[in-house]
Amino acid sequence: MTGGLLGAAQEAVSYGANTFMIYTGAPRNARRSPLEKLKIEEGWAYMRENGIDSFVVHAPYIINLASFKEDTYNLAVTLLKDELERAKGMGSELVVLHPGAYTERDLEYGVNRIVSGFDSVLTDDYDGPDICLETMTGKGTEIGGSFEELKMIIDKARRKDKLKVCFDTCHAHDAGYAVSDDLDSVMDQFDEVLGLDMIEVFHLNGSLNPRGAKKDRHANIGATADNPKGADNIGFAAIRELAHSRYAEGRFLILETPWLDANTNLYKEEIAALRAGERD
């Protein structure tokens, strides 16, 4: 967000992207610049000139609605409400959110805690962005490592109409789903549990880990062992299959692959390769 929404849009266009995802401030703290400083009007003007008509916001990582600690939980509720308002003010209709971790409690407690938070934010008159619950790896006490856990949250929430899903390929792979070699079966499982219409966003990421490792370490798509960040255990063919599948039609496709160093990312190359279906 250096340069506000305008800067984000310019960077996305430089990659050849036709959409993008942003944090409205640093993802690991609560400090936020006022919307007036984020060059929103200029950003939208630039986006329209370059064929971009929508973008996604990712909520801060520090939001943990499943926490039993009152200060952590209250901060999570406050931050979520603020992020939804900021996203609406910037013109985004979707906010991706990590469900949370129950730490020293249990799954039922964590789910109920998340639902309580949603019910306090998504009031009857709420008309802001949808919340996209992200599929997670299930590491530790993290909620969302299975489709069923996401369903538990959505089923209990009062405003189900404002809850959707962000499907992360690395997270699903690390959680144990066969993203790399049987995409249709994974999508069939998702459809049976939640319904494919619940997916609004795909995060297209490789994984440094074998299937089921529950570790959450993203890899560049199709990277081999000589890559500085390590090899991809999902593979280019599987990610390209998803990107060109019926499952992806009408959804946001977002890269969260690693930067090779502080100044080098492969977004432009990965986008071009996924579109063409080829990689050098």
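Colleague: Which helices each supply at least two residues of the lining of the second largest pocket?

Modeller: Before that, note that this is a predicted model, in which local features need pLDDT of at least 70 and side-chain atom pairs count only at pLDDT 80 or more, while totals for chains, interfaces and linings use all residues. Residues are numbered from 1 along each chain as its sequence is written, and side-chain values use heavy atoms, with hydrogens and water left out. In general, rolling a probe the size of a water molecule over the atoms shows where empty space is left. A pocket here is an open set of points on a 1 Å grid over the protein atoms alone, where a 1.4 Å probe fits, with protein on both sides within 12 Å along at least five of seven lines, and lining residues have an atom within 4 Å of a point. For the second largest pocket, α3 and α4 each supply at least two lining residues, and α3 gives the most, with four; helices are DSSP runs of H or I with at least four residues, strands are runs of E with at least two, and both are numbered from the N terminus.

Colleague: How much space lies in the second largest pocket, and which residues line it?

Modeller: About 150 Å³ lies there, a volume being the space filled by probe spheres set on grid points that are joined across faces, edges and corners. The lining includes Lys81, Leu84, Glu85 and Lys88, together with Ser120, Val121 and Tyr126.

Colleague: How should I judge the length of α3?

Modeller: The expected span of a helix is 1.5 Å times one less than its number of residues. The 21 residues of α3 should therefore span 30 Å, and its end C-alpha atoms are 30 Å apart, which agrees. After α3 comes Gly91, whose phi is positive, near 95°. The 15 residues of α4 (residues 107-121) should span 21 Å, in agreement with the 21 Å between its end C-alpha atoms.

Colleague: Which residues of α4 are buried, and what covers them?

Modeller: An α-helix has 3.6 residues a turn, so residues three or four places apart point the same way. Buried means under 20% relative accessible area, exposed over 50%, and partly exposed in between, with a 1.4 Å probe and protein chains only. In α4 the buried residues include Gly110, Val111, Ile114, Val115 and Phe118, and their cover includes α3 (70-90), β3 (94-97), β4 (130-134), α5 (147-156) and β5 (163-168). In α3, Tyr73, Ala76, Val77, Leu80 and Leu84 are among the buried residues.

Colleague: Is Phe190 buried or exposed, and which residues does Phe190 contact?

Modeller: Phe190, found in helix α7 (residues 183-193), counts as buried because its relative accessibility is 0%. Contact means heavy atoms within 4.5 Å. Leaving aside neighbours within four places in sequence, Phe190 is in contact with residues including Phe147, Val165, Phe167 and Leu196. The C-alpha atoms of Phe190 and Ser146, 44 residues apart along the chain, are separated by 9.4 Å.

Colleague: Where does Lys229 lie?

Modeller: Lys229 lies in the loop between β8 (218-219) and α8 (236-243), and is partly exposed, with a relative accessible area of 36%. Beyond neighbours within four places in sequence, Lys229 is in contact with Leu208, Asn220, Pro258, Trp259 and Leu260; the C-alpha atoms of Lys229 and Pro258 are separated by 7.5 Å.
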